[in-house]
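Let's take a friendly look at the salt bridges of this model. Please have the sequence and the structure at hand.

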Amino acid sequence: MQLPQLVNMFGADLQRRYGEKIHKLSLHGGFSCPNRDGTLGRGGCTFCNVASFADERMQRRSIGEQLALQAARTDRARRYLAYFQAYTSTYAEVERLAAMYRQALAQSDMVGLCVGTRPDCVPPAALDLLAGYRQRGYEVWLELGLQTAHDKTLKRINRGHDFSCYRQTALLARQRGLKVCCHLIVGLPGETPAEHLATLRRVVDAGVDGIKLHPLHIVTGSTLAKAWRAGRLPELALAEYAASAGEMIRHTPGEVVYHRLAASARRPTLLAPLWCENRWSGMQAVGGYLRHHGGQGSALEEKLRYRP
């Protein structure tokens, strides 16, 4: 059984709705982060090194140049979503945001925007700007980095906001008709599989359209790398990730779209776990778990079936 038969995957969802493959093109808008520049804190979140997922050299190029370079690397699609990925892509004056988003959507092959940001950095003006693109017929996703719904963990990883901040931003976005994708990390220090499931339930209860799952990476330049080198941070095993991610998916309503089931980073930036060097390892392991235990929403169906 193929993965899209077990999980409501974003790529398959786009293909159903648009009748063709839609590819996301990652962009670097040169944004900063309030958890790095001193507004909220210094040093960023304990797990973060943006170089592990974004090419810092790209920010020296215009939005149009970046899109052209990214599109040239894929021959599997003719239409695209512009994905503002690096750092906090609403952390600027709304005029600057509008200029960047406008440059991206000026390309004739663009169907919309995906904007990655923090829940504490999305003012009403930014939400209204994004809602305006949606009203013009574009696909617009607001991707909110939450990582966990547990405030004790958010404090431990130096996130700089709590779950209520996320819940309020998600509510305001969805009230404007924006689709919300929540980013979650499996394997944060001190969290258990039961807490992973509790996070999933709280996110679903708050209202969500999409979810991205990431295994915890230990990367150079992060605070967690120091704890790992000192032997104070255990590595996330592939089987542990597959079980936790699989149960989260099994407890997710079928209409929620999964944008990602695993993620990767390259060595030497990646320190551990080394299976994260290839995201297919994580995806295959999650797929194997789901084939054995049931696909997306199956745990919810079981509860209904056996409810007295």
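Which residue forms a salt bridge with Lys-152? In this predicted model, the partner is Glu-195, with the closest N and O atoms 3.0 Å apart. The two residues link distant parts of the chain: Lys-152 sits in helix α5 (residues 151-156) and Glu-195 in helix α7 (residues 193-206), 43 residues apart. Glu-195 has a relative accessibility of 14%, so this residue counts as buried, the cut-off being under 20%.

A salt bridge also joins Asp-209 and Arg-174, where the closest N and O atoms are 3.2 Å apart. Asp-209 belongs to the loop between α7 and β6 (210-215), while Arg-174 is part of helix α6 (residues 163-175), so this contact ties together parts that are 35 residues apart in sequence. Arg-174 is partly exposed, at 35% relative accessible area.

The side chains of Lys-179 and Glu-139 meet in a salt bridge of 3.5 Å, N to O. Because Lys-179 lies in strand β5 (residues 179-186) and Glu-139 in strand β4 (residues 139-147), the pair connects parts 40 residues apart in sequence. Lys-179 is partly exposed, with a relative accessible area of 27%, whereas Glu-139 is buried at 5%.

| Salt bridge | N to O distance |
|---|---|
| Lys-152 and Glu-195 | 3.0 Å |
| Asp-209 and Arg-174 | 3.2 Å |
| Lys-179 and Glu-139 | 3.5 Å |

The count for the model comes to 14 salt bridges. Through shared partners, salt bridges join Asp-13, Arg-16, Arg-17, Glu-139 and Lys-179 into one network.

How values were computed
Residues numbered from 1 in each chain as written. Predicted model: local features only at pLDDT ≥ 70, side-chain atom pairs only at ≥ 80, totals over all residues. Heavy atoms only, no water. Salt bridge = Lys/Arg side-chain N within 4 Å of Asp/Glu carboxyl O. Helix = DSSP H or I, 4+ residues; strand = E, 2+ residues; numbered from the N terminus. Buried < 20%, exposed > 50% of the residue type's maximum accessible area, 1.4 Å probe, protein only.
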